[in-house]
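Please keep the sequence and the structure in view while reading.

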Amino acid sequence: MNHNSPADIRHALADLGARPKKRWGQNFMVNPRTRDKLVRTLSSRSTDVVWEIGPGLGALSEALAERCKKLVLFEIDAGLVRYLKAGIAKARHVSLIEGDFVKTWQATEKKSGRPDRVVGNLPFSSASAIIGALAEANRISGRCLFTVQKELAERITAAPGTRNYSSFSVLCQVMADVVAHGELAPGTFYPVPEVTSAVVELRPHAKKPRIADRDFLLALIRAVFAARRKTLRNNLLAEGDFIGLSKAELLDIVEETGTDPGVRAEELSPAQIIEIANALSSARA
Ligand code: SAM
């Protein structure tokens, strides 16, 4: 089928007896130029395993399938799964995983290995859960390219000390290098969403930081951002029981890393947070 206009999507959905489902963020891509640009930016190679999250009616999938060794599609909507099974997923190198990506990716990875590329025009409501699941598990193993709500892209790429910098920015940036690839007008999609979208990339660090204990680092990120207006000292003292050090030890160790405990977490770079986490986790070992 064509995916080049709202009419193409309306006809395909009408054939399925379906309508776009808001709860699964079904805003289908209808701009071929944007689609081509995404596929070019992903730059998959003929030897790559590519995962696509939320293929929908396959707007991106057909071009992706031509440029990889194996394409794995993750789709939650049973009606769209039936449609994909009868079409693109018939190809020998394309497989289809039905269900919520957040619940299915780990078993898929266990069975068939890590992907070289991950791509998705993500549903607005679960984009942060999807990206967060991959980042928390340290699975930014290759280039990951996502279309998300503009505000989420801004959080992912925000620099320390800026309005959008949050625990989610730190999570993404300690696990990956992040790159903004610009905004997409609402008319890129059908139905036209009420918000603007943006394309964001997460890719393995060019210079990988040493993370002594990932789970400890994740817990520390949550603790230091627990109350945004509080200082690092006050958040650590209020939320730091899990660290297992005395208050005096905690603050001494933070100071030894060269960070003033009187700053707010939103002023700390991802590298500083990693350094504090590494110092604390070696002190408690
Ligand atoms: N890729 C298609 C396109 O660009 O036209 C569809 C994109 S649409 C924004 C999001 C797609 O993700 C829908 O097909 C929706 O059913 C699917 N989806 C929503 N939540 C999902 C989840 N948790 N796991 C897998 N797929 C999901």
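Thr-231 is located in the loop that runs between α9 (214-224) and α10 (232-239), where helices (H or I, at least four residues) and strands (E, at least two) are DSSP runs numbered from the N terminus. The model is a predicted one, in which local features need pLDDT of at least 70 and side-chain atom pairs count only at pLDDT 80 or more, while totals for chains, interfaces and linings use all residues. Residues are numbered from 1 along each chain as its sequence is written, and side-chain values use heavy atoms, with hydrogens and water left out.

**Around Thr-231**
- The side chain of Thr-231 reaches the backbone nitrogen of Asn-234 at 3.1 Å.
- When neighbours within four places in sequence are left aside, Thr-231 is in contact (heavy atoms within 4.5 Å) with Pro-261, Gly-262, Val-263 and Arg-264.

**The ligand and its shell**
- Around the ligand there are 22 residues, of which Met-29, Gly-54, Glu-75, Asp-100 and Asn-121 come nearest; a residue is counted as near if one of its heavy atoms lies within 4 Å.
- By class, this shell has 10 nonpolar, 8 polar and 4 charged residues, with Ala, Val, Leu, Ile, Met, Phe, Trp, Tyr, Cys and Pro taken as nonpolar, Asp, Glu, Lys and Arg as charged, and the others, Gly among them, as polar.
- Both β1 (28-29) and β3 (70-75) supply at least two residues each to the shell around the ligand.

**Distances to ligand nitrogen**
- An N or O atom in the side chain of Asp-100 is 2.9 Å from a nitrogen atom of the ligand.
- A backbone N or O atom of Pro-55 lies 3.3 Å from a nitrogen atom of the ligand, and a polar backbone atom of Ile-76 is 3.4 Å from a nitrogen atom of the ligand.

**Backbone features in loops**
- Tyr-190 and Pro-191 are joined by a cis peptide bond with omega of about -5°, and Pro-191 belongs to the loop between β8 (189-190) and β9 (197-203).
- Ser-43, although not a glycine, has a positive phi of about 45°, and Ser-43 lies in the loop between α2 (32-42) and β2 (49-53).

Key
Polar contact = N/O pair within 3.5 Å; in protein donor to acceptor, adjacent residues only side chain to side chain.
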